[in-house]
Amino acid sequence: MDAAQPAGEVAAAEAGGPGQCPGPCPSSGYHSVTVTQKTEIAHCAWCGRAFARSGSQGRRARYCRRSHRQRAFEARCLAARMGLASGEALVDADALCRLRDGLYVLESALDDVEVDLRGRPGPEDYRRAFQHLYAAAAPLRDACVEPAAVLTPPAAEAG
Ligand SMILES: [Zn+2]
């Protein structure tokens, strides 16, 4: 069982927190957790990456790791200091532009494919459409725009 669900073990170990380690932990500091409940794939509220979340009792994990929960907290504090409304965040303008560019490429590829697959498309048409869409979507796989958790010092911007 424990070898069959390594993702669940990792998620439980990273989530940490009280109540998740059922027995006394060895003096080595290594925490061993047996996961018997079903795990689900969730997306981190900070980085957006998928992670395995166990359906355990209590609050459900929203972040893939503790550092991301901390950075989300810091970003909320910064947003509040800047007078932003709840749910608003500061983001890096260049990162936002790169994400928009990637989404534009994907949107254009969707338009191309919709035109190419009109009529009576054959298997080769679908194969080419998939390749075109994949090429447009692949660069977005690791795309990430994180809210700013700290302000960039003005001196760094001037230089
Ligand atoms: Zn994360």
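Okay, one definition before anything else: helices (H or I, at least four residues) and strands (E, at least two) are DSSP runs, numbered from the N terminus.

Two bits of housekeeping. Residue numbers start from 1 along each chain as its sequence is written. And this is a predicted model, where local features need pLDDT of at least 70, side-chain atom pairs count only at pLDDT 80 or more, and totals for chains, interfaces and linings use all residues.

So, the overall picture. The chain has five helices and two strands, and along the sequence they run α-β-β-α-α-α-α. On confidence, pLDDT is the predictor's confidence in each residue, from 0 to 100. The chain averages 78, and 70% of the residues score at least 70. Among the elements, α4 has the highest mean pLDDT, 97, while helix α1, residues 6-15, has the lowest, 40. Over residues 1-26 the pLDDT is below 50, though beyond near neighbours in sequence this stretch still has 34 contacts in the model. A contact here means two residues whose C-beta atoms, placed from the backbone, lie within 7 Å. Please keep in mind that where pLDDT is low, the predicted coordinates should not be read in detail.

Still on contacts: take those in the chain with a separation of 6 or more, and residues 24 or more positions apart account for 52% of them.

Now burial. A residue is buried if 20 or more other C-beta atoms lie within 10 Å of its own, exposed if 12 or fewer, and partly exposed in between, with C-beta atoms placed from the backbone. By that count, 10% of the 159 residues are buried.

Which residues make up the largest nonpolar core? There are eight: Trp46, Phe51, Ala52, Ala61, Tyr63, Cys64, Ala72 and Ala75. By core I mean a set of buried Ala, Val, Leu, Ile, Met, Phe, Trp, Tyr and Cys residues joined through C-beta atoms within 7 Å. If you look at Cys64, and skip its neighbours within four places in sequence, it is in contact with Cys44, Cys47, Arg49 and Phe51.

On to the helix pair. Helix α3 (residues 93-116) and helix α4 (residues 123-137) pack at about 170°, axes 8 Å apart. That makes α3 roughly antiparallel to α4, a label for angles over 145 degrees, with under 35 roughly parallel, 65 to 115 roughly perpendicular and the rest oblique. From α3, the contact takes in Val105, Leu106, Ala109, Asp112, Val113 and Asp116, and from α4, Asp125, Ala129, His132, Leu133, Ala136 and Ala137. The axes are lines fitted to C-alpha atoms, for helices over the stretch in contact, and angles run from 0 to 180 degrees between N-to-C directions.

Why is Ala143 partly exposed? Because it has 13 C-beta neighbours inside 10 Å. Not counting residues up to four places away in sequence, Ala143 touches Leu99 and Gly102.

Beyond four places in sequence, Leu78 is in contact with Leu90, Ala148, Ala149, Val150 and Leu151. The C-alpha atoms of Leu78 and Ala148 are separated by 7.8 Å, at 70 residues apart along the chain.

That's my tour, thanks.
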